[in-house]
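Reader: Hi, could you walk me through this model? I have some quick questions about how it is put together.

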Amino acid sequence: LSSEEGADIAREKLLSLIADLRGREFTFKDIAVLSRSGDKVEEISSWLIEAGIPVESEKTLNIRENGLIKEIVSFLKFLDSPIDDLSFASFILGEIFRAASGLSQEKMEDFIFRQGRQRKKDGTSTAYLYRVFQNEFPRAWQQHIEKFFRHVGFLPLYEMLVTIYADFSVLEKFPGNTSFFMS
């Protein structure tokens, strides 16, 4: 067997075993999966996540690897440097902004791709992504971003972060990530 075939067999056996345990009334918190090497933890965690099984591992508990924390960091990077189109795009494509603004993932992806096509067509574009967003989605800009954009540099980082958490209701909307937000 190739290593890929062996991994597929191990994945199927693991998922089957977990399904069997769940069928015998075990909860997910009663089940532990041990690995001989740290390298395999990431692979096994991804199998479980793909199957919709909640996972806690060194990898998933690492604050730097948490997707919502990455979104907050992207927003802070954008506020620090508004010409950072990548950080702005990462934030508006994320769960936090989507949950607060009500704008769909598809709408934001379409916006990003249209800007990319426009820039490619023009050769170069001088309009920064946030400015185009501001014109195309003025309500979302005013309700969710403008306040922070105007106060950056005037508020201490901690106060800015607490205000972001409050305005985007991250603790209420993402209660499973409270420990990450508090860290």
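Reader: Great, what should I know about the model and the numbering?

Author: This is a predicted model, so local features need pLDDT of at least 70 and side-chain atom pairs count only at pLDDT 80 or more, while totals for chains, interfaces and linings use all residues. Residues are numbered from 1 along each chain as its sequence is written, and side-chain values use heavy atoms, with hydrogens and water left out.

Reader: Thanks! How many helices and strands does the protein chain have?

Author: There are 12 helices and 0 strands in the protein chain. Both are DSSP runs numbered from the N terminus, with helices being H or I of at least four residues and strands being E of at least two.

Reader: And what is its radius of gyration?

Author: The protein chain has 21 Å, whereas a compact globule of 183 residues would be near 16 Å. That radius is taken over C-alpha atoms, and the globule rule is 2.2 Å times the number of residues to the power 0.38. The C-alpha trace spans about 55 × 40 × 30 Å along its principal axes.

Reader: What percentage of the residues is buried?

Author: Buried residues are 31% of the 183 in the protein chain. Buried means under 20% relative accessible area, exposed over 50%, and partly exposed in between, with a 1.4 Å probe and protein chains only.

Reader: On to packing. At what angle do H3 and H4 cross?

Author: Helix H3 (residues 67-80) and helix H4 (residues 85-92) cross at roughly 140°, and their axes come within 8 Å. Axes here are lines fitted to C-alpha atoms, for helices over the stretch in contact, and angles run from 0 to 180 degrees between N-to-C directions. H3 and H4 are therefore oblique to each other. Angles under 35 degrees count as roughly parallel, over 145 as roughly antiparallel, 65 to 115 as roughly perpendicular and the rest as oblique.

Reader: Which residues meet there?

Author: From H3 come Glu71, Ser74, Phe75, Lys77 and Phe78, which meet Ser87, Phe88, Ser90 and Phe91 of H4. Contact means heavy atoms within 4.5 Å. By class, this contact of H3 with H4 has 4 nonpolar, 3 polar and 2 charged residues. Ala, Val, Leu, Ile, Met, Phe, Trp, Tyr, Cys and Pro count as nonpolar, Asp, Glu, Lys and Arg as charged, and the others, Gly among them, as polar.

Reader: How about H4 and H7, where do their axes cross?

Author: Helix H7 (residues 129-136) and H4 cross at roughly 40°, with axes that come within 9 Å. That makes H4 oblique to H7. Asp85, Phe88, Ala89 and Ile92 in H4 meet Leu129, Tyr130 and Phe133 in H7. The residues of this contact are 6 nonpolar, no polar and 1 charged.

Reader: Nice. Is Gln115 buried or exposed?

Author: Gln115 counts as buried, because its relative accessibility is 13%. Its place is in helix H6 (residues 105-122). Leaving aside neighbours within four places in sequence, Gln115 is in contact with Leu129, Val132 and Glu136.

Reader: And which residues are buried in H10?

Author: In helix H10 (residues 157-167), Met160, Thr163, Ile164 and Tyr165 are buried. The buried residues of H10 pack against H3, helix H9 (146-151), helix H11 (170-173) and helix H12 (178-182).

Reader: Last one: is Asp39 buried or exposed?

Author: Asp39 counts as exposed, at 70% relative accessibility, and it sits in helix H2 (residues 38-50).
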